[in-house]
Amino acid sequence: MALCLGVMAVSVFVNVVLRYGFGSGVAASEELSRLLFVWMVFIGATAAYPAGEHMAFTSLVALLQKRPRALAVMTAVIRLLVLLACVLLGRGAWQQVVVGLDSYSVVMAYPTALLPLPALLCATAIGAMALWELIQRTPLDLGHGAEVE
């Protein structure tokens, strides 16, 4: 993620300096930044899942803390919903990868399948982690309380 962000920052900075300072720019800067941004977002989403950093409605689930059986059922339902979302995302991303194999970006001429590919990889990785948590019956991390300033 840091590499993607660093390359994006340098690319955009050089392009801005060239445009305002010299009246010309690097045409590939926009395409490269878009591609790296998409990859960075999905790498970050994949890395955030095992750390429990995705959106969590712990205030709703925490109401079930004193009822372990209901909490276990709700945990399984949540994991199944995550799996469903991963299947839907993965299916759509796969369709876009297949479509993008025969077309290329305008400026850099990379296969446009590289844009939806990180979504497919992210859905596969998060789906595998959620399935493993479901099989292992890993309890939900309820430590994400609301931060009060």
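User: In this predicted model, which helix do the buried residues of helix 1 pack against?

Analyst: Helix 1 covers residues 2-22, and its buried residues are Cys4, Met8, Ser11 and Asn15. Viewed down the axis of helix 1, these buried residues fall within an arc of 70°, so they line one face of the helix. The partner against which the buried residues of helix 1 pack is helix 2.

User: Which exposed residues does the face of helix 1 turned away from its buried side carry?

Analyst: The buried side of helix 1 is formed by Cys4, Met8, Ser11 and Asn15. Residues three or four places apart in an α-helix point the same way, because there are 3.6 residues a turn. The face of helix 1 turned away from the buried side carries the exposed residues Ala2, Leu3, Val10, Phe13, Tyr20, Gly21 and Phe22.

User: What distance does helix 1 reach from its first C-alpha to its last?

Analyst: Helix 1 has 21 residues, for which 30 Å is expected at 1.5 Å a residue. Gly23, with a positive phi near 75°, follows the helix.

User: How far from Glu31 is the nearest side chain of opposite charge?

Analyst: Glu31 is found in helix 2, residues 28-48, and is buried. The nearest side chain of opposite charge is that of Arg34. A salt bridge requires a separation within 4 Å, and Glu31 has none, since Arg34 lies beyond that cut-off, at 4.5 Å.

User: The side chain of Glu31 reaches which backbone nitrogen?

Analyst: Leaving aside neighbours within four places in sequence, Glu31 is in contact with Ser105, Val106, Val107, Met108 and Tyr110. At 2.9 Å, the side chain of Glu31 reaches a backbone nitrogen, that of Met108.

User: What is the relative accessible area of Ala109, and is the residue buried or partly exposed?

Analyst: Ala109 is placed in the loop between helix 4 (68-100) and helix 5 (117-136). Most residues other than glycine have a negative phi. Ala109, however, has a positive phi near 60°. The residue is partly exposed, with a relative accessible area of 48%.

User: What is the phi of Arg137?

Analyst: Arg137 is found in the segment after helix 5. With a relative accessibility of 74%, Arg137 counts as exposed. Although Arg137 is not a glycine, its phi is positive, at about 55°.

Definitions and conventions: Residues are numbered from 1 along each chain as its sequence is written. This is a predicted model: local features need pLDDT of at least 70, side-chain atom pairs count only at pLDDT 80 or more; totals for chains, interfaces and linings use all residues. Side-chain values use heavy atoms; hydrogens and water are left out. Helices (H or I, at least four residues) and strands (E, at least two) are DSSP runs, numbered from the N terminus. Buried means under 20% relative accessible area, exposed over 50%, partly exposed in between (1.4 Å probe, protein chains only). Lys and Arg count as positive and Asp and Glu as negative; His and the chain ends are not counted. A polar contact is a pair of N or O atoms within 3.5 Å; within protein, one must be able to donate a hydrogen and the other to accept it, and residues adjacent in sequence count only if both atoms are side-chain atoms. Contact means heavy atoms within 4.5 Å. The expected span of a helix is 1.5 Å times one less than its number of residues. The arc is that of the directions from the helix axis to the C-beta atoms.
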